[in-house]
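Welcome! Take a moment to look at the structure below, and then let's walk through it together, one question at a time.

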Amino acid sequence: MTATQAPRHKVVVIGSGFGGLFGTKALRRADVDVTVIAKTTHHLFQPLLYQVATGILSEGEIAPPTREILSSQDNASVILGEVTDIDLEARTVTSQVLGRDTVTSYDSLLVAAGASQSYFGNDHFAEFAPGMKSIDDALELRGRIFGAFEMAELGATRGDDVDHLLTFVVVGAGPTGVEMAGQIAELAHRTLNKDFRAINTRTARIVLVDAAPQVLPPFGAKLGEKAKAELEKLGVEVMLGGMVTEVDERGLEVKFKDGHVERINSVAKIWAAGVQANPIGKTLSEQTGAPLDRAGRIAVNPDLTLPGHPEVFVVGDMIALDNLPGVAQVAIQGAKYAAKEINNRLEGKQPQAPFKYFDKGSMAIISRFRAVAMVGKLRITGVVAWLMWLGVHLVYLTGFKNQVSALMRWAITFISNNRSERTTTEQQIFARAALARLRRGAADLVSDPGIYDATRAMMEETRRQELEAAAQREAELTDSGVRGVSEAR
């Protein structure tokens, strides 16, 4: 008689970003079954999104399929869906895709759901100024940026004023905003300067706006001033101490500390200011009593667990602990720590010391051969910082084929100024707005059988009524014609 084998420990990982992916891979040799639940089918290397938006890299090069990455890890499986609820008492996670719910149970839970763009209570700004947090964002921005040049060319041939089309505004002077502004300047001044006939792309106005008093606040005053000077050399207009108070289709308004408001007319606007933690944090807070900070990040114990729930770990952009920054390394190191703690418990080992983040430094690229880096007490600028930036991002880019492809694209772009990924479509620009008009988004386009049958029956009934009405009109016309002939006789 064979003894019944006890089920393996079930670990559910929420999110396929840096925290989710590295946490899952760290459990590859553990005696557990890992289920990754993510709302996208890919792992996104978010630091390079701006290069997708500006035509340097393709989306596939920075977003390999999660299933492909984990295909050789036998104890890992992937479920597509956006997490809508977590029941800590029942130890279940509810996820949804296209209106269909899936409930997954767990023994240990790793929450690495990341963060989204914050518009500081003005979510309607998103319609006119997309953020930089997803592939959809990057592709939409690519369409808006390159589309602005195309529409300016068309307008100029008709003699129209096209200044608003050749004005690009980036909101937020952090690393993403600085990198985005620098690349748009490179596009206008180098890549596209010979491609148009009716407009001179070199006259494009690129504006970088931030309420902060300096560029790159986390990097310190010296590097911030250096980055500002390099941006201005590229032709970027740096506008500091100004808060964006209104955004519409044709431009935005900036209010300064002295009270005066400046209007900037611009069709292509990019929002790179502020982040907010995933709403799952609120769900966890309500069940545990753990407080949330202003950005929606949840307070965790020193071992990254939730109060009263040692089986639940939260990592990355979602945690409020020791003022940790919202960078990839915090998520990676936290996820590895959590995975080791889960494994230690299963093996009966002692708990680890409290989580301690090791700061490997910060970098931001401004343009070709221009970058700034902060590593410990070192402050590096210029070509050396640029090469360091390339090396670090190449190392952390997932997949050998993506590393090789990215390296080749960078070589082509930085040596020749050519960019391969310049294809844009109207669908990229307007699809998000079209889906937003549907009551349930994309779910309204995928009906269940009952709804489909009802809709088909209604259409058939409408068609039947139309045919009957047509037959009746034909009969009336025929009858009228017969009477007319009789009267003529």
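## A guided tour in questions

Q: Just after α7, which residue takes a positive phi?
A: This is a predicted model, so the angles here are computed ones. Directly after helix α7, the backbone has a positive phi of about 100°. The residue with that value is G235.

Q: What distance does helix α7 reach from its first C-alpha to its last?
A: Helix α7 covers residues 221-233, which makes 13 residues. At 1.5 Å a residue, the expected value is 18 Å, and the helix comes close to that. From first C-alpha to last, α7 reaches 18 Å.

Q: How wide an arc do the buried residues of α7 cover around the axis?
A: The buried residues of this helix are L223, G224, A227, K228, E230 and L231. They lie on the same side of α7 because the arc they cover around the axis is only 165°.

Q: Which residues are exposed on the other side of α7?
A: The buried residues of α7 pack against several elements, including α6 (175-191), β10 (205-210) and β11 (236-240). Strands β21 (362-367), β22 (370-375) and β23 (378-381) are also among the elements they pack against. On the other side of the helix, the exposed residues are A221, K222 and K233.

Q: What is the bridge partner of V247 in β13?
A: Strands β12 and β13 (residues 251-256) run antiparallel and are joined by six bridges. Strands of a sheet pair through backbone hydrogen bonds. For V247, the bridge partner in β13 is L252.

Q: Which residue stands opposite A268 in β15?
A: Strand β15 (residues 268-271) is covered on both faces: A268 and I270 on one side are buried, and so are K269 and W271 on the other. Strand β9 (residues 167-171) runs parallel to β15, and four bridges join them. Opposite A268 stands F168.

Q: Is H309 buried or exposed?
A: H309 is found in strand β19 (residues 309-314). Among the residues that H309 touches, leaving out those up to four places away in sequence, are L88, E89 and T288. Its side chain also makes a polar contact of 3.0 Å with the side chain of E311. Because its relative accessibility is 9%, H309 counts as buried.

Q: What distance separates the C-alpha atoms of L44 and M408?
A: L44 sits in the loop between β2 (32-38) and α2 (49-53), and at 13% relative accessibility it counts as buried. Beyond its neighbours within four places in sequence, L44 is in contact with residues including S16, F18, I62 and K133. M408 is 364 residues from L44 along the chain, and their C-alpha atoms are separated by 20 Å.

Q: How many helices and strands does the protein chain have?
A: The chain has 489 residues, of which 47% count as buried. Its C-alpha atoms fill a box of roughly 110 × 80 × 45 Å along the principal axes. The secondary structure comes to 13 helices and 23 strands.

Key: Residues are numbered from 1 along each chain as its sequence is written. This is a predicted model: local features need pLDDT of at least 70, side-chain atom pairs count only at pLDDT 80 or more; totals for chains, interfaces and linings use all residues. Side-chain values use heavy atoms; hydrogens and water are left out. Helices (H or I, at least four residues) and strands (E, at least two) are DSSP runs, numbered from the N terminus. Buried means under 20% relative accessible area, exposed over 50%, partly exposed in between (1.4 Å probe, protein chains only). A polar contact is a pair of N or O atoms within 3.5 Å; within protein, one must be able to donate a hydrogen and the other to accept it, and residues adjacent in sequence count only if both atoms are side-chain atoms. Contact means heavy atoms within 4.5 Å. The expected span of a helix is 1.5 Å times one less than its number of residues. The arc is that of the directions from the helix axis to the C-beta atoms. Two strands pair if DSSP finds at least two bridges between them.
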